[in-house]
Amino acid sequence: MFFSVRGNQLSGSIPDSILEECRSLVHLDFSENQLSGQIPLSLGGISSLHYLNIGYNFFKGIMSEKHFANLTSLEELYATPNLFAWQVSSNWTPPFQLRKLCLADCFVGPQFPAWLQTQKYLEELRLQNTGISSAIPAWFWTTSCDVVDLSQNQIIGVIPRIHYSSRVYLGSNNFTGPLPQISSDVTELILSNNLFSGSLSPMLCQRRTDKEVNLLEDLDISGNLLSGELPNCWMYWTGLTRLDLGNNNLTGHIPNSMGSLFWLGSLHLRNNHLSGDVPVSLKNCSSLMVLDLSENEFTGSIPAWMGNFSGKFIKMFSVHEQIVYTPGLMVLVLHSNKFNGSIPPELCHLDTLQILDLGNNNLSGSIPRCFEDRRIQSPPASSAAVLLRLHQSRSQQTSPPAIRVQPNDPRHTPAQFRLKKASSGSIDTATLAMKGAEYVESLGLLAGIDLSSNKLSSAIPEEITGLQGLIFLNLSHNHLQGKIPVKIGDMKSLESLDLSINRLSGVIPQGLANISFLSYLNLSYNNLSGKIPSGTQIQGFSPLSFIGNPELYGAPLTGDFGEDGKQKGPIPDNDDGEDSGWIDMKWFYLGMPWGFVVGFWAIMAALAFKRAWRHAYFRFLDEMKYKLLGWYL
């Protein structure tokens with residue numbers, strides 16, 4: 001007998017009478033409603049119940065042993081999220097043997113549930129954000145549970161080895177010690193935001209051979225205390241589709257073996273201490289959709305071959321010959337490194353590029369004029385759905401994508417398109433900090449360019465205004481000259497525009513006042529002139545958006561800034577190191593030796609020609625000598 005009222009917006013509590021009259025229930029589903037109150041104790045009398053789902057409600061109170069007194073047939077229990085606390089004794093032996101248990105976002109802690117040791121057939125365990133703060137007992141790591149999610153707790157201790165689980169999510173805890181050894185059957189491993197330390201090599205390189213087939217697809221060890229160099233054994237992990245090692249203390253170069261990750265779709269190495277050139281072997285990772293090397297110490301020029309990461313069909317030779325499609329690079333983030341040279345025009349070949357962040361480097365030259373209307377623009381809504389279908393995990397696929405020509409072998413499914421863990425069902429996310437805001441969006445919903453804090457010169461190319469899907473544009477802190485493009489008003493999707501601290505001149509185009517979604521604007525410290533265009537949108541910005549342009553006037557430059565555009569009071573220095581600031585420093589350094597020479601000889605001349613001064617000076621030195629000797633003795 002099945003009873004399900006799922007997703008019907010029901011409210012109130014569950015009447016005891018319903019449960020007492022349904023003693024032969026096998027399937028009971030109250031999920032996705034607005035039910036509240038306490039769970040009736042009569043629930044524990046339905047001995048035939050196999051499936052129970054009370055998730056996504058507002059139940060409160062305590063869930064105790066009495067609620068499960070006679071549930072001898074129970075196999076699946078889902079209760080996430082609710083407001084109740086799970087309280088059972090430490091020596092409780094449940095009457096059931098569960099296959100799946102999900103208590104996420106309920107209070108289960110602070111101790112790890114000891115009764116789980118009695119569950120011999122558990123396949124899926126989800127206890128994320130349940131207030132557990134103790135260590136995990138050793139017996140747990142020898143269980144055969146396939147899916148383990150203990151993320152977002154405060155669990156402590158060391159993980160010895162992950163034996164039998166295939167999908168393990170332990171992120172956002174307080175695990176310490178070295179990284180655990182893992183079996184070749186693990187497909188997804190999330191250890192982010194913990195306190196793991198030491199090197200990557202023991203986990204990835206020790207006891208690995210070319211004959212061993214490692215099924216790992218998703219590895220996230222970001223936000224830990226890992227140190228040492230990146231190991232050169234990535235040839236053992238060719239099935240990887242997402243690799244996140246960001247926010248650690250890793251050093252050295254990117255090893256050549258990382259080029260063997262042919263199916264890698266997402267590579268995050270941000271915020272480490274990596275250095276050297278980007279190795280040419282990385283161009284073999286032709287399935288890349290997200291490449292984030294930001295906040296490191298990489299040098300050299302930006303490789304032109306990065307422009308080859310465009311969408312393409314690839315023929316695979318496995319058990320069955322098949323053709324798969326790689327969408328191409330969608331996010332390129334090289335922010336805060338030491339790259340030099342010019343921006344390679346080959347980047348314009350990236351038809352699916354959504355985010356281009358090259359800010360805070362030493363790039364010079366002009367902005368490429370090859371950007372066209374079809375480049376770096378938000379795809380139609382249907383594109384996100386297509387990408388989502390392509391990004392499914394091997395373990396989640398029920399049928400091959402429409403573009404696959406032949407049936408796929410489980411070990412060679414092109415899961416490189418899935419850039420986030422399969423359980424989340426989402427595409428990889430990208431974060432792009434803006435002036436005054438920060439975007440964290442799914443790919444396909446954000447388009448932005450950041451070329452700020454470089455040494456780019458020449459004019460802003462008119463072609464850039466053809467990027468009508470662009471949301472964010474930051475060209476600040478450069479040496480750009482000329483006028484703001486007249487057709488900038490055609491960029492109707494712009495929400496943030498920063499052209500500050502350049503050498504732009506001329507008037508502000510009237511079309512800028514007609515961009516209705518513009519929420520951040522900064523044109524300060526240029527050589528703009530004329531009246532600020534009138535319009536509700538542009539007049540709503542702070543005067544700070546326009547200061548430092550002596551010939552600019554009109555609202556909102558009023559009050560402390562005056563209608564002539566000149567700030568009343570001190571004007572902050574332009575941080576351009578090649579302007580007046582350097583001239584002032586040059587005169588300071590030139591004056592230092594002359595000041596020393598003049599001061600020294602002025603004193604020596606006085607002592608030479610004034611006998612009384614000379615005697616007083618040496619008497620003062622003798623007194624100081626005897627005082628110092630007296631203190632010492």
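Hi everyone. Before we start, please keep in mind that the model is predicted.

Let's begin with the empty space. Rolling a probe the size of a water molecule over the atoms shows where such space is left. How many cavities of 30 Å³ or more does the count come to? The count comes to four.

The largest cavity holds about 60 Å³ of space. Around the largest cavity you'll find Phe140, Trp141, Thr143 and Val148, together with Ile162, His163, Tyr164, Ser165 and Val168. Sorted by class, that lining has six nonpolar and three polar residues, with no charged ones.

Now to the second largest cavity, with a volume of about 40 Å³. Which residues line the second largest cavity? They are Ile460, Ile464, Thr465, Leu473, Leu475, Pro485, Ile488, Met491 and Leu499. Here the classes come out as eight nonpolar, one polar and no charged residues.

If you'd like to find it on screen, asparagine 153 sits in the loop between strand E12 (147-149) and strand E13 (156-157).

What does its side chain reach at 3.0 Å? The side chain of asparagine 153 reaches the backbone oxygen of leucine 150. Setting aside neighbours within four places in sequence, asparagine 153 is in contact with Leu127, Gln128, Asn129, Thr130, Gly131 and Ile132, as well as Ser172 and Asn173.

Note on methods. Residues are numbered from 1 along each chain as its sequence is written. This is a predicted model: local features need pLDDT of at least 70, side-chain atom pairs count only at pLDDT 80 or more; totals for chains, interfaces and linings use all residues. Side-chain values use heavy atoms; hydrogens and water are left out. On a 1 Å grid over the protein atoms alone, a cavity is a set of points where a 1.4 Å probe fits but cannot get out, and a pocket is an open set with protein on both sides within 12 Å along at least five of seven lines; lining residues have an atom within 4 Å of a point. Grid points are joined across faces, edges and corners, and a volume is the space filled by probe spheres set on the points. Ala, Val, Leu, Ile, Met, Phe, Trp, Tyr, Cys and Pro count as nonpolar, Asp, Glu, Lys and Arg as charged, and the others, Gly among them, as polar. Helices (H or I, at least four residues) and strands (E, at least two) are DSSP runs, numbered from the N terminus. A polar contact is a pair of N or O atoms within 3.5 Å; within protein, one must be able to donate a hydrogen and the other to accept it, and residues adjacent in sequence count only if both atoms are side-chain atoms. Contact means heavy atoms within 4.5 Å.
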